[in-house]
Structures are given as C-alpha cells and as structure tokens.
Amino acid sequence: MSNRKQTGPPEPSNDPGNSRAIRDWYQDLGIDEYYRRHGKQYQNPHLPWIQALIERNHARLDLSHCLDFCCGRGEVSKILLQLGYRQIIGCDPYTQSLYQQQSGLDCLAWSFEDLLQGKLTGNYSCIISSFALHLCPRDQLAPLVWQLFNCTSQLVIVTPHKRPELELIEGIELSFTDQVLTQRGKRIRLKVYRPLMPPE
Ligand SMILES: C[S@@+](CC[C@H](N)C(=O)[O-])C[C@H]1O[C@@H](n2cnc3c(N)ncnc32)[C@H](O)[C@@H]1O
C-alpha cells in the first residue's frame, strides 16, 4: 500500500519494511527536503544489525579519532561510545542539535554539497557513514568520497544496499567487508575502504 496520502513522516518503527515508506517519502519530497522537514523523527529500524556489525569489526578499525558523517541522531556514535571510544565528532546538516543532545558530542553541519566545496577539513583516523552515502547523487559520489579521503585514510560504510560500490572508483580499494542478515533476509553490509595512494 502506498503511503503517499500520509500527512506526517513515517512512524518510528523497528519494522524493516519501514524503508519502503521512506522511499516513498524520498520520491514525494526529495531526499534533502525529507530530512529538512522530518530528519529529527527518523529512526533507523536496522539499529540492532548496525550494532552487531560494528561490535564484531571495531577491533579491525582505527577508531581513535572518528568522524560520524551523516550521523543522524548518533546511532553509530552511541555504539562507539558504548565500546569505549571517546574522540568522536558528528556531522549532519539536518540533525546537528538532536545529535548533540542525544550523544553529548560535538557535531559539524556540513552537507554533501558543502564537502564538494572543500569545507570538510581535519584529520580523522576513520570516517564512518551509516545508511547515508547511497543518498548522494551518483555523479557526485566520487568527488565527495575524495573529499572524505582528504581527511582520512579509512572510510567505513554501513549500508542496506549494494550501493555505494566505492571499489568501482579508480584509486579506491575495498580493504574488507562484512555483512549480516536481518530476520527478513535483508543484507546489511559494512564496507571498509582505503585510497591506494594516501593524500599528500
Ligand atoms: C538514513 S539517515 C542515517 C542516519 C544514521 N547515520 C543512521 O545510521 O541511522 C541519513 C542521514 O543523512 C543525512 N543527509 C541527508 N541528506 C544529506 C546531505 N545532502 N548531506 C549530508 N547529510 C545528509 C540526514 O540528515 C540523515 O541523518
């Protein structure tokens, strides 16, 4: 059943079928407008699987100084805090204040567009982006990812899709990957990338 007649954002839900509704919202409003209006209500129904992926892979990552890009309400950052990591900063143009309230951590507000203009600076041991980079327009993905690699040599993607496939971008290598299956058989992937030539 279509949700086009709904008047508000999808109810927070642990039902993975909720992603269908979000696709409808993306179609109706556009991704940016959806998060501008409803970003604070969005709750990721796949949190248990994101947590499982991070818990079983964190020792293979350098999370000593981590940027949580497109951080939402801090889903990933809160898992990292529980694991004992402390030097974490968020970045999200639509949920900055919510992230700060929920996690107690600082948050930048750069968007994809801001990154393409070179606004992200700094040096992070790891940038992690969960359930977000597949939202970047395809023709902007490679330049966006190179902006991220200007600030880190380890990029961790958590995604409910095959996309983004950054291994198809010349100069980027998939270091390792892991995946879990939800109860409904949906594949949630963790993909860890590095640039073949680290930035100067
Ligand atoms: C599906 S949510 C994922 C949130 C969180 N990382 C998680 O795993 O649950 C996508 C996030 O991307 C952010 N986002 C949407 N459009 C964006 C843009 N143009 N630039 C940067 N972030 C954006 C939204 O604000 C939202 O927090």
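Visitor: Welcome me in: which pLDDT do local features need here?
Guide: Residues are numbered from 1 along each chain as its sequence is written. This is a predicted model in which totals for chains, interfaces and linings use all residues, side-chain atom pairs count only at pLDDT 80 or more, and local features need pLDDT of at least 70.

Visitor: Nice. How many helices and strands does the chain have?
Guide: Helices (H or I, at least four residues) and strands (E, at least two) are DSSP runs, numbered from the N terminus. Starting at that end, the elements run α-α-α-β-α-β-α-β-α-β-α-β-β-β. The count for the chain is 7 helices and 7 strands.

Visitor: What is the order of the strands in the sheet?
Guide: Two strands pair if DSSP finds at least two bridges between them. The pairing in this open sheet of 7 strands is mixed, and the order is β3-β2-β1-β4-β5-β7-β6.

Visitor: Which strands stand at the edges?
Guide: An edge strand here has a single partner strand, so one side of it is left without a neighbour in the sheet. The two that stand at the edges are β3 (107-108) and β6.

Visitor: What is the bridge partner of cysteine 66 in β4?
Guide: β1 is also joined to β4, by 3 bridges, and these two run parallel. The partner of cysteine 66 in β4 is cysteine 126.

Visitor: Is β1 covered on its faces, or open: which residues are on each side?
Guide: A residue is buried if 20 or more other C-beta atoms lie within 10 Å of its own, exposed if 12 or fewer, and partly exposed in between, with C-beta atoms placed from the backbone. Both faces of β1 are covered, and the four residues are all buried. They are Cys66 and Asp68 on one side, and Leu67 and Phe69 on the other.

Visitor: How many residues of β4 are buried?
Guide: Cys126, Ile128 and Ser130 lie on one side of β4 and Ile127 and Ser129 on the other, and all are buried. β4 is therefore largely enclosed by the rest of the structure, with a buried count of 5 of the 5 residues.

Visitor: Which residue in β5 is the bridge partner of serine 130?
Guide: β4 and β5 pair in the parallel sense over 4 bridges. One of the partners in β5 is leucine 155, which goes with isoleucine 127. For serine 130, the partner in β5 is valine 158.

Visitor: Which residues of β5 point the other way from Leu155, Ile157 and Thr159?
Guide: 5 of the 5 residues of β5 are buried, so this strand is largely enclosed by the rest of the structure. Pointing the other way from Leu155, Ile157 and Thr159 are Val156 and Val158.

Visitor: Let's turn to helices. At what angle do the axes of α3 and α4 cross?
Guide: Axes are lines fitted to C-alpha atoms, for helices over the stretch in contact, and angles run from 0 to 180 degrees between N-to-C directions. The axes of helix α3 (residues 47-57) and helix α4 (residues 75-82) come within 10 Å, and they cross at roughly 45°.

Visitor: Where is cysteine 70, with its positive phi?
Guide: Cysteine 70 is not a glycine, yet its phi is about 65°. This residue is buried, with 23 other C-beta atoms within 10 Å. Its place is the loop between β1 and α4.

Visitor: Where is phenylalanine 131?
Guide: Phenylalanine 131 also is not a glycine and has a positive phi, of about 55°. It counts as buried, with 22 C-beta neighbours inside 10 Å. Its place is the loop between β4 (126-130) and α7 (138-149).

Visitor: Lastly, which peptide bond is cis?
Guide: Proline 164 is in the loop between β5 (155-159) and β6 (172-181). With omega near -5°, the cis bond is the one from arginine 163 to proline 164.
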